[in-house]
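I record here what I looked up in the structure shown below. The entries are grouped by topic.

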Amino acid sequence: MDRERREWHGRAVEEWRRAWGVPTLRVYESVGSTNDIARGMAEDGAEQGSTVVADEQTRGRGRRGRVWRSDPGQSLILSMVARPRSLEAESVLSIRLGLAVARAIEEIAPVAVGLKWPNDLMIDGLKVGGMLCEGAVEGERPAYVVAGTGVNVLQPDDAWTGALAGRATSLAARHGAAVSIPRLAGRVVQEWLRVLDRREGRLDPVELDAFRARDVLRGRRVTVDAEKRGVARGVEPDGALRLAGDEGRSTRVVSGTVRVVEPDAGESI
C-alpha cells in the first residue's frame, strides 16, 4: 500500500509545499509509481504543478514499460501534473523538462549533464536518470500530461549489476560527495514550473542551442528500434530527431528507442 508522509527530511510536507510554490504536494515512503498517483490526481482535477515525491518506487517504469530501479532513499523520484495548452506544446515537453532537470542537477553538483534523445540524462556516457511523460487527450488538446523523472543520487557505482553494470551511475558517484535529494527536488520543481508556463508549441533557437550543447547523439551513427539507421543530426523545433542516411536522405524520427552503433562493436546504449 502507498504510504503517505506528513514529514520529509525533517520538515512538514506542507512546509516543503509552500517553499516550492506548488498547489499540492504528496510525499510517500513507498509507492508503486509516482506517475500513477499523479495521473489519478490529474483525473480528479489537480492543478498544473501538483507534485508527487517518493523515497521508494516498486513498480517504476521508463518508456515502453521498461523497469526503472529505485532503492529506498537513494534516488529523486518525482512526478508533476502538467496541462499543456496544445498538442504541439505537449510534443516538445519531454525535451524542455529534460533540459530543466539537467540545469537543476548542474546547480546542485559540479557535473556536466548530457541528454540522449528523447528522454535520458547522461553523465560521462553513463545514464544517471530519465524522463517519462504520459498523458490523455481531450478533443484536439491535451487533457493533462503527467511528467515523471527519476535521478540516481546517492548510489555507489558498484550498485548496478547485470545489464546495468557499466551503463548507469549516480550524482554522488560522479561528484564524489553526497548530494541532497530535497535540495535537488526543489530545484527541479522550480525549473519545471517555469517550463510549464511557456505557451510556445515549438522549441525556440535558445532551447535548440541548449539541447545541441548537451546532445550526446549528435554526429554519431545510431539505430532507431533496430530499423532506421543513420547519423544523428540533432532535434528539430517540433522535437523530432533528424537522421542523415547513407544515401543522403534525411529522416525524421518522432519516437523510438535509439542506440548508438559503434564501428565493429555492435550496438551500445
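**Leucine 184 and the cores**

The model is predicted, and local features need pLDDT of at least 70, side-chain atom pairs pLDDT 80 or more, while totals for chains, interfaces and linings use all residues. Residues are numbered from 1 along each chain, and side-chain values use heavy atoms, without hydrogens and water.

I noted that Leu184 and Trp192 have the most contacts inside the largest nonpolar core, which has 60 residues. Such a core is a set of buried Ala, Val, Leu, Ile, Met, Phe, Trp, Tyr and Cys residues joined through side-chain atoms within 4.5 Å. Helix 4 (residues 93-108) supplies the largest share of this core, ten residues; helices are DSSP runs of H or I, at least four residues, and strands are runs of E, at least two.

**Threonine 169**

I located threonine 169 in the loop between strand 10 (141-152) and helix 5 (171-175). Its relative accessible area is 0%, so threonine 169 is buried (under 20%, with a 1.4 Å probe and protein chains only). Beyond four places in sequence, its contacts include Ile123, Asn152, Trp160 and Arg174.

**Helix 1 and helix 6**

I recorded an angle of about 40 degrees between helix 1 (residues 13-20) and helix 6 (residues 181-196), with their axes 10 Å apart. Among the residues making the contact are Trp16 and Trp20 of helix 1 and Val189 and Leu193 of helix 6.

Conventions
Buried < 20%, exposed > 50% of the residue type's maximum accessible area, 1.4 Å probe, protein only. Contact = heavy atoms within 4.5 Å. Axes fitted to C-alpha atoms, helices over the stretch in contact; angles between N-to-C directions.
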